[in-house]
Amino acid sequence: MKYTSLTLVFLILICGCKPSEQLVEKKESKQDVLNFLFQDYIGEKPSTSFVVIKDGEIKECQSFGYADLENKILATCETNYRLASVTKQFTAIGILILINQGKLTYNTKLTEVIPEFPEYGKDITLKNLMTHRSGLQDYEKLYTKVGEEQLVDKDVLNLLIAQDSLLFPANSKYQYSNSGYAVLAMIIERVSGKTFKEFMDKEIFEKIGMTNSTVYQKGLPIKNRAYGYTFNDSIYENIDQNTWSAILGDGGIYSSVRDYMHWDRSLYNETLVSTDLLNDAFSNWDENGKTEGKGYGFGWRIFIINDRKYLTHAGGTTGFRNFSVRIPSEKITVVIYTNTEDYDGLDRKAYFLASYYSDGKIPVPADILLQKDIEENGIENITNKFNQLKSNPTKFDIVEKDLVSLGFSYLKKEPEKALRLFELVKANFPNYFGGYFGLAQYYRTNGNNEMAVEYFKKVPELATSDDQRQIDYANKMIEQLSQ
């Protein structure tokens, strides 16, 4: 399929129509489909900017909505968004640059660089920090004066130094850690003799042409800046900063989707670090070392879908939500930045765009196709549409949790559509807790406590430890609704 005829993605694949018949019935431009994907950002709303990079070149770059609602400044592809945890891929490369220069190694201990760190730091290596296997405590749980002042990376370090133990022995398990990446920024400063901002500017941004990007520093202006918002009752409220916004190593970079092209190019060559180090960054690490399976590398989440490696990372902080995905085998990268927390599903939008620009090599997210069909044709024929997609798993990517998320998107305003989707998930994935969880919420909101409890009871029965939040919530609801 060619990117000049996006109609084929939605209509031929869903309906099974012949191209000529469908195009006669309904002509749909590429822009129509992009408008559908990003409909939540069209109008006087917070913005999104996205880029599709193929073979090192920008194939599509657009923005919707406002980077600055107060001053009516529209977003562009040069708008600088706070990257939140997408920052981690840059922080990790910063460490790899110092390793490439011979100033550090993977096995350098935390106490070797920061000798005032407590005794427990002697077992934590740089590799443990980069792969979220350090066991460091969560700084957000250690600081009790939220809202009084902004913390910086040094404050995080001091909070950790005041502790006398880890959450678990270093390298014994994976647990995502913002604390670890704040500490990595301090290590970069100690070893390089530069501030984190100076190091990123000199060693990364200037070297590869990311001239629009910067590291946040309170009081310094950021050109082309997007401000963060959330919808509050009837207005969008500016929530651009909070207690954690000045912590840099885990989320403090501001950048644009256009600048990401330069970053993406550098990850295919040795401009910044050696190929061996890049390959290490793009591999999962467990207690036994490097593996080729899914997991976490150095600043990247790694998924293997149809034997193809996806390098991804999401980012979320007050007023911002972002997503990046690189698929090296196809040399395709998609990045989406937004300045609102209100809408999720950026990963599925990114995968859809990646699929389209892959000429059919990458499967299409089924939930997006179903959403568009529901909005255009209603919910009545949803089972038949789903079965058509399910019959061709190499072309369509069906992810249970994303179907559940689609159901929840309708729960408040169009609950009958939500009900049909939750029932669809339950029928097709009876061993997955999500359909039952959705049905429980549907019946709870409609006052049928007996049915809600029945479905909530299936959640702890089927969910895993990865879904502990949903298990806890289900148990709480069972207790409340049974009284």
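User: Which residue stands opposite Thr230 in S8?
Analyst: Glu237 in S8 stands opposite Thr230. Before going on: this is a predicted model, where local features need pLDDT of at least 70, side-chain atom pairs count only at pLDDT 80 or more, and totals for chains, interfaces and linings use all residues. Residues are numbered from 1 along each chain as its sequence is written, and side-chain values use heavy atoms, with hydrogens and water left out.

User: What makes S7 and S8 a pair of strands?
Analyst: Strands are DSSP runs of E with at least two residues, helices are runs of H or I with at least four, and both are numbered from the N terminus. Two strands pair if DSSP finds at least two bridges between them. Strand S7 (residues 229-232) and strand S8 (residues 235-238) have four bridges, in the antiparallel sense. They form a hairpin with two residues between them. Asp233 in that turn has a positive phi of about 65°.

User: How many bridges join S6 and S9?
Analyst: Two bridges, in the antiparallel sense, join S6 to strand S9 (residues 253-255). Thr214 has Tyr254 in S9 as its bridge partner. The open sheet runs S5-S9-S6. Strand S5 (81-82) and strand S6 (214-215) are its edges, since each pairs on one side only.

User: How do you know that Cys61 and Cys77 form a disulfide?
Analyst: A disulfide is a pair of cysteine sulfur atoms within 2.5 Å. The S to S distance between Cys61 and Cys77 is 2.3 Å, so the pair meets the cut-off. The structure holds one disulfide. Its angle about the S-S bond is -140°, and the link is left-handed.

User: What does that link tie together?
Analyst: Cys61 lies in strand S2 (residues 57-64) and Cys77 in the loop between strand S4 (73-74) and S5, so parts 16 residues apart in sequence are tied together.

User: Why is Cys61 called buried?
Analyst: Buried means under 20% relative accessible area, exposed over 50%, partly exposed in between (1.4 Å probe, protein chains only). Cys61 is at 17%, so it counts as buried. Cys77, at 7%, counts as buried too.

User: What makes Arg321 and Asp344 a salt bridge?
Analyst: A salt bridge needs a side-chain nitrogen of Lys or Arg within 4 Å of a carboxyl oxygen of Asp or Glu. Arg321 and Asp344 have N to O at 3.8 Å, so they qualify. Arg321 is in strand S15 (residues 320-327), and Asp344 is 23 residues away in the loop between strand S16 (332-338) and helix H13 (346-357).

User: How far apart are Lys372 and Glu376, and what separates them along the helix?
Analyst: Their closest N and O atoms are 2.4 Å apart, and they form a salt bridge. They are four residues apart in helix H14 (residues 366-377), so about one helical turn separates them. Lys372 is buried at 4%, whereas Glu376 is partly exposed at 36%.

User: Why are the buried residues of H8 said to lie on the same side?
Analyst: In helix H8 (residues 153-161), the buried residues are Asp153, Val156, Leu157, Leu159 and Leu160. They cover an arc of only 160° around the axis, so they sit on the same side of H8. The arc is that of the directions from the helix axis to the C-beta atoms.
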